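Here is a friendly walk through a fold, from its sheet to its core and its aromatic rings. Keep the structure open beside you as you read.

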Amino acid sequence: MKLYLLSQNEVSGYDTYDSIVVVAENEEEAKNISPYNKDLSEVTGSYDTWVGKDNIDKIKVTYLGEAKEGLEKGVIIHSFNAG
């Protein structure tokens with residue numbers, strides 16, 4: 001498993017997420033993880049706080065390194081802009 005930083009500026013302002021760090025097998029799997037720890041490909045509609053599956057190409061992915069053995073796929077930490 002690998003660590004990825006996901007960031008986006010498509011949805012911004014108060015009460016939005018601007019970035020998350022996730023554990024995933026690859027970049028494509030990482031892009032499909034939302035801050036809510038749900039798979040974007042399985043979500044209908046869009047979020048008001050993060051890009052929806054229709055704008056997944058707007059997510060910037062940065063590879064951070066190898067994840068510690070035993071960590072499961074999903075969100076490690078997120079950055080939320082509370083209003």
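Four strands make up an open, antiparallel sheet in the order E3-E1-E2-E4. Strands here are DSSP runs of E with at least two residues, numbered from the N terminus, and two strands pair if DSSP finds at least two bridges between them. E3 (60-66) and E4 (74-81) stand at the edges with a single partner strand each, so one side of each has no neighbour in the sheet. From one strand to the next, the twist averages 15°; the axes behind such angles are lines fitted to C-alpha atoms, and the angles run from 0 to 180 degrees between N-to-C directions.

Before going further, a word on the source: this is a predicted model, in which local features need pLDDT of at least 70 and side-chain atom pairs count only at pLDDT 80 or more, while totals for chains, interfaces and linings use all residues. Residues are numbered from 1 along each chain as its sequence is written, and side-chain values use heavy atoms, with hydrogens and water left out.

| Strand pair | Bridges | Sense |
|---|---|---|
| E1 and E3 | six bridges | antiparallel |
| E1 and E2 | six bridges | antiparallel |
| E2 and E4 | seven bridges | antiparallel |

Strands of a sheet pair through backbone hydrogen bonds, either parallel or antiparallel.

Now for the inside. Which residues touch the most other members of the largest nonpolar core? Of its 15 residues, they are Tyr4, Leu6, Val22, Ala30, Trp50 and Ile59. Such a core is a set of buried Ala, Val, Leu, Ile, Met, Phe, Trp, Tyr and Cys residues joined through side-chain atoms within 4.5 Å. E1 and E2 are the elements that give two or more residues to this core, and E2 gives the most, with four. E2 is also mostly covered, with eight of its nine residues buried (under 20% relative accessible area, 1.4 Å probe, protein chains only).

Leaving aside residues up to four places away in sequence, Ile59 touches Leu6, Ser7, Lys31, Leu40, Trp50 and Val51, where contact means heavy atoms within 4.5 Å.

Finally, the rings: the structure holds three aromatic pairs, counted when ring centres of Phe, Tyr and Trp (its six-membered ring) lie within 6.5 Å. Tyr17, Tyr36 and Phe80 form one aromatic cluster.

Note on methods. Buried < 20%, exposed > 50% of the residue type's maximum accessible area, 1.4 Å probe, protein only. Phe/Tyr/Trp six-rings, centres within 6.5 Å; stacked < 30°, edge-to-face > 60°.
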